[in-house]
Amino acid sequence: MNKQIKKITSAILIFCLSVTGMCAITASAATPKIIAPLYNNTSSASSNINISNSGQLKIYYDYTGLSGKTTKVVITTYIEKKTLGLFWSRVENGQPNNQWVDTSYTLDYYKLRTFQLSSTGTYRVTVTYKVYGSGGAADEIKCVMKDSY
């Protein structure tokens, strides 16, 4: 009796796994290959960083709004340094809350910001684009980048 239960259980398990495998293949063939977020007021927003051998940090901003929808973008940027290998602490940049806040009312925003880092280490830069417009709720797009020197 025990052997018969094991055989039936094994047969059911094999059947379930084969059906699941077929469903996964069917689902992957039917789903699109590209997944991209859709925003209410934004066409694209991206940032990049580069740290030179002398510690000069360059932050690149590239933003494009939607014609007829985008009214304003507020871009907040801050730098953090890894301390004790575990913690992130904000780098002093002379601005309130140690962050830069830029506001633009144009559809295209391209900017390069430079900042001299005071010491070697691992740095993280966070750029948040908050985009307002008639397309609905404000879009919030966060870019987090890490680099060391």
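Tutor: Let us begin with Val-125, which, apart from neighbours within four places in sequence, is in contact with Ile-49, Leu-57, Ile-59, Thr-77, Tyr-78, Ile-79, Cys-143, Val-144 and Met-145, where contact means heavy atoms within 4.5 Å. Before going further, please keep in mind that this is a predicted model, in which local features need pLDDT of at least 70 and side-chain atom pairs count only at pLDDT 80 or more, while totals for chains, interfaces and linings use all residues. Residues are numbered from 1 along each chain as its sequence is written, and side-chain values use heavy atoms, with hydrogens and water left out.

Val-125 belongs to the largest nonpolar core, which has 23 residues, and is listed with Leu-57, Ile-59, Ile-79, Val-127 and Tyr-129 as the members that touch the most others. Such a core is a set of buried Ala, Val, Leu, Ile, Met, Phe, Trp, Tyr and Cys residues joined through side-chain atoms within 4.5 Å; buried means under 20% relative accessible area, exposed over 50%, and partly exposed in between, with a 1.4 Å probe and protein chains only. Two or more residues of this core come from each of strand 1 (42-51), strand 2 (56-65), strand 3 (70-83), strand 6 (108-116), strand 7 (122-133) and strand 8 (139-148), and the largest share, five residues, is given by strand 7. Strands here are DSSP runs (E, at least two residues), numbered from the N terminus.

Some of these strands also form an open sheet of three, in the order 1-2-6 and with antiparallel pairing, where two strands pair if DSSP finds at least two bridges between them. Strand 1 and strand 6 are the edge strands, each pairing on one side only. Between strand 1 and strand 2 the antiparallel pairing runs over nine bridges, and within it Ser-46 stands opposite Asp-62 of strand 2.

Now to the rings, of which a search of the whole structure finds three aromatic pairs; rings of Phe, Tyr and Trp (its six-membered ring) pair if their centres lie within 6.5 Å, and planes under 30 degrees apart count as stacked, over 60 as edge-to-face and the rest as tilted. One of them joins Tyr-61 and Tyr-109 edge-to-face, at 6.4 Å centre to centre with 75° between the planes. Because Tyr-61 lies in strand 2 and Tyr-109 in strand 6, this pair ties together parts that are 48 residues apart in sequence, and both Tyr-61 and Tyr-109 are buried. Trp-100 and Phe-115 likewise form an edge-to-face pair, with 5.6 Å between centres and 75° between planes. Trp-100 lies in strand 5 (residues 99-104) and Phe-115 in strand 6, so that pair ties together parts 15 residues apart in sequence; Trp-100 and Phe-115 are buried.

Tyr-78, one of the contacts of Val-125, has Arg-90 over the face of its ring, at 3.7 Å from the ring centre. A charge sits over a ring if NZ of Lys or CZ of Arg is within 6 Å of the ring centre and within 35 degrees of the ring normal. The charged end of Lys-72 sits over the ring of Tyr-132 too, 5.0 Å from its centre.

Finally, consider a loop residue: Leu-84 is found in the loop between strand 3 and strand 4 (87-90), has a positive phi of about 55° although it is not a glycine, and is exposed, with a relative accessible area of 77%.

Definitions and conventions. Helices (H or I, at least four residues) and strands (E, at least two) are DSSP runs, numbered from the N terminus.
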